[in-house]
Amino acid sequence: MSAEPSRVVAADGAKGELIALQAGVFGLRAIALGEGSFGALLDAALASVAGRHGRALHVRLSTAERPSDHASSLIARGFARVSERVEFEALVEGLPNDATSPLTWAALPDLADNTLRDAGRLLNRAGHGDPDWGDDDEGLELLKGYLAETGLTRGPECIAVGTLEGSPAAIVVAQVNHSTGVGRITYLGVAPECRGRGLGTWVHRHGFAMLKAQGAERYRGGTLANNLPMLQLFSLHGCAEWRRLEEWVWRKNR
Ligand SMILES: CC(C)(COP(=O)(O)OP(=O)(O)OC[C@H]1O[C@@H](n2cnc3c(N)ncnc32)[C@H](O)[C@@H]1OP(=O)(O)O)[C@@H](O)C(=O)NCCC(=O)NCCS
């Protein structure tokens, strides 16, 4: 799978970029309407997804800035509003470290198929219960998608596994865009049997340490508005709300 964004240009000049999120699943971003219309851009993006035999298209729009007619354009084309996402930011310098963590961390030794497959299995467990985890999400495919995104760090240092008494208990994916200095914790999760005893705090902090080690200046991250434990972690670590996004999804009829 290539995550090189491809340009989508509507007949009326509206532009956007299509990015592969997983095999068959795409996101529309970098929307610039100019004199064009949002509806025409959606039509062009859907045609492009159909041409690649895609099964889903995700569109995120700022809740505060979305023009009211965008919702009707989305609904008319079969998109459903699936969630609201809250995004936070903080300066990496001011974030706490994880020096006294009860977890032992190791970055992946390499990105060989077997290594990624094991990490993907752990991600499947760690993502369980996340309201943003879709029925068709698969850990290995997600990891490959994260590492294929252009403009971000993508080596084995971007994925770390935390063990507790020798057993894998948590995973963090952290990536940095060196041209902007912005780092993201692409995903973090704790195995279900290890939740609710304070480990999430240390997992989030290990993500901060990974961003620092990769040279990020600013951290940006987010979660769905109904992911209460994750919202609590952002608040605990003093991250400021930056924006709220609506997520809309179109799925091909099976
Ligand atoms: C989010 C997640 C990592 C938290 O891990 P955890 O080990 O359970 O978290 P902690 O025990 O450190 O708890 C973190 C905070 O959330 C609170 N919390 C935990 N579960 C909660 C719940 N169901 N509702 C509300 N708050 C909750 C805790 O009380 C704690 O806050 P406090 O320190 O003020 O008491 C874990 O729930 C998880 O892996 N979820 C699935 C994956 C996921 O959603 N990842 C985030 C994707 S953006």
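Here is a short chat about how to read a few features of this predicted model.

Q: Let's start with the overall layout. Which domains is the chain divided into?

A: There's domain 1, covering 6–78, and domain 2, covering 90–243. Taken over C-alpha atoms, their centres are 28 Å apart.

Q: How many residues of each domain are in contact with the other?

A: A bit of background before the numbers. The size of an interface is often given as the accessible area lost when the parts come together. Here we can go by residue contacts instead: five residues of domain 1 are in contact with four residues of domain 2. On the domain 1 side, strand E2 (residues 15–22) gives the most, with three residues. That side of domain 1 divides into three nonpolar residues, two polar and no charged.

Q: Now helices. Which residues of helix H4 are buried?

A: The general idea comes in handy here. An α-helix has 3.6 residues a turn, so residues three or four places apart point the same way. Now look at H4 (residues 139–148): its buried residues are Gly 139, Leu 142, Leu 143, Tyr 146 and Leu 147. They sit on the same side of H4, because they cover an arc of only 130 degrees around the axis.

Q: And what do the buried residues of H4 pack against?

A: Quite a list: E2, helix H3 (113–126), strand E7 (159–164), strand E8 (167–177) and E9.

Q: Last one, the ligand. Which residues come nearest?

A: Of the 23 residues around the ligand, the nearest are Asp 130, Arg 195, Gly 200, Leu 228 and Gln 232. The elements giving two or more residues to this shell are strand E9 (182–190), helix H5 (199–213) and helix H6 (228–236). H6 supplies the largest share, six residues.

Q: How do the residues of that shell divide by type?

A: Into 10 nonpolar, 10 polar and three charged.

Terms used. Residues numbered from 1 in each chain as written. Predicted model: local features only at pLDDT ≥ 70, side-chain atom pairs only at ≥ 80, totals over all residues. Near = placed C-beta within 6 Å. Helix = DSSP H or I, 4+ residues; strand = E, 2+ residues; numbered from the N terminus. Nonpolar A, V, L, I, M, F, W, Y, C, P; charged D, E, K, R; others polar. Domains from an automatic or database assignment. Contact = placed C-beta atoms within 7 Å. Buried ≥ 20, exposed ≤ 12 C-beta atoms within 10 Å, placed from the backbone. Arc of directions from axis to C-beta.
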